[in-house]
Amino acid sequence: MSYSINQQILLKSRPVGEPKESDFALVETPIPEPREGEVLNRTIYLSLDPYMRGRI
C-alpha cells in the first residue's frame with residue numbers, strides 16, 4: 001500500500017480554557033523517501049493522556 005501525503009495536526013496557538021478547532025491546523029505535505037540509515041514509520045493511533053494538556 002502506497003501513501004504519498006503526510007497529514008499533520010499542528011498547534012497554531014496555545015489554548016486558553018477549552019481547546020477550540022481554531023487552535024489547530026491540518027497540514028498536508030508530501031512524504032519524503034527515507035535515505036540511507038533512515039526509517040519511515042506509519043502511525044495509525046496516537047494517544048494523548050490528560051496530563052499532557054499542561055505540556056501544550
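## Ground rules

Strands here are DSSP runs of E with at least two residues, while helices are runs of H or I with at least four residues, both numbered from the N terminus. The model is a predicted one, so local features need pLDDT of at least 70 and side-chain atom pairs count only at pLDDT 80 or more, whereas totals for chains, interfaces and linings use all residues. Residue numbers start from 1 along each chain as its sequence is written, and side-chain values use heavy atoms, with hydrogens and water left out.

Let's start with Gln8, which sits in strand S1. Gln8 counts as partly exposed because its relative accessible area is 27%; the label covers anything between buried (under 20%) and exposed (over 50%), using a 1.4 Å probe and protein chains only.

What does Gln8 touch, leaving aside its neighbours within four places in sequence? Ala25, Leu26, Val27 and Thr29 are in contact with Gln8, where contact means heavy atoms within 4.5 Å. With Thr29 there is also a side-chain polar contact of 3.4 Å. That term takes a pair of N or O atoms within 3.5 Å; within protein, one must be able to donate a hydrogen and the other to accept it, and residues adjacent in sequence count only if both atoms are side-chain atoms. As for Ile44, Gln8 is 36 residues from Ile44 in sequence and 12 Å away in space, C-alpha to C-alpha.

## A nonpolar patch

On the surface, Ile9, Leu11, Phe24 and Leu26 make up a nonpolar patch with about 410 Å² of accessible area together. Areas come from the Shrake-Rupley method with a 1.4 Å probe, and for residues only the protein chains shown count as cover. Patch members need over 30% relative accessible area and no salt bridge; nonpolar side chains (Val, Leu, Ile, Met, Phe, Trp, Tyr) are joined within 5 Å, and like charges within 9 Å.

Strands S1 (5-11) and S2 (24-30) each supply at least two of the patch residues. Leu11 belongs to strand S1 and is partly exposed, because its relative accessibility is 41%.

## Two salt bridges

Side chains of opposite charge can pair when their charged atoms come close. The structure has two salt bridges, each a side-chain nitrogen of Lys or Arg within 4 Å of a carboxyl oxygen of Asp or Glu.

One links Lys20 and Asp23 at 3.9 Å, N to O. Lys20 is partly exposed at 44%, whereas Asp23 is buried at 4%. Another joins Glu38 and Arg35 at 3.3 Å, N to O. Here Glu38 is partly exposed at 39% and Arg35 is exposed at 61%.
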